[in-house]
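Dear colleague,

I am passing on the structure we spoke about, and my notes on it follow directly below. Please read them alongside the sequence.

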Amino acid sequence: MNSSVTLRAAATPALPALVLRPWSARDIPSLIEACRDPVLRHWTSHRVDDEAGGARWLETQQAGWAVGERFAFAVLEEGPGGEEGPLVGNTVLKGVAPGGPAAEVGYWTAAHARGKGVAPRALEVLTQWAFGTFGPDGLERLDLLHQVDNPGYAFDRVLPATPPAFPRDGHLHVRRAGD
């Protein structure tokens, strides 16, 4: 899969446009800063505390692109001249398999960007890209493990905890092609 994919969410009257692109080494300082947030640390299983941790995390994301199974995007605000602004989050398509009917999406939002519509807008752009790119090969459903109040993906069922990756029960939300 081409790791030079760039996606965009259009600006709204109140919110800047978003740019979604594969993670790169230049994002590591912003990644470290985002991962210092205790709320983000509570809800994610990855720990990025320093440059070495950032490099390992980046290597994992790049390896996912290389084998075509995991597609992580840095989510950035777009500046007025089209230049990349600050990192505001991450969104990922994972568990993609050739001919597979389902994959999973996930995301996180940096503390300074929460409540600004970043997550739903980035997830919608990723969703459209996923179905457009992998739908012809059989992708019919995207799953999102998230809280029950998540807009856009319908609640499907409660999933039991599977420590250590998911120490608490979770909610599975689903979006089908054509929804």
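For the charges, Lys and Arg count as positive and Asp and Glu as negative, while His and the chain ends are not counted; each charge is placed at NZ of Lys, CZ of Arg, CG of Asp or CD of Glu. On that basis, the mean positions of the 17 positive and 21 negative charges of the protein lie 3 Å apart.

Please bear in mind that this is a predicted model, in which local features need pLDDT of at least 70 and side-chain atom pairs count only at pLDDT 80 or more, whereas totals for chains, interfaces and linings use all residues. Residues are numbered from 1 along each chain as its sequence is written, and side-chain values use heavy atoms, with hydrogens and water left out.

As to the overall fold, the protein has four helices and eight strands (DSSP runs, H or I of at least four residues for helices and E of at least two for strands, numbered from the N terminus), and from the N terminus these elements run β-β-α-α-α-β-β-β-α-β-β-β. Buried residues (under 20% relative accessible area, with a 1.4 Å probe and protein chains only) make up 42% of the 179 residues.

Turning to helix α1 (residues 28–35), Ile28, Leu31, Ile32, Ala34 and Cys35 are buried there. Seen down the axis of α1, these buried residues fall within an arc of 165° (taken from the directions from the helix axis to the C-beta atoms), so they line one face of the helix. Their cover includes α2 (38–43), α3 (51–67), β4 (84–94) and β5 (102–109).

Notes. Buried means under 20% relative accessible area, exposed over 50%, partly exposed in between (1.4 Å probe, protein chains only). Contact means heavy atoms within 4.5 Å.
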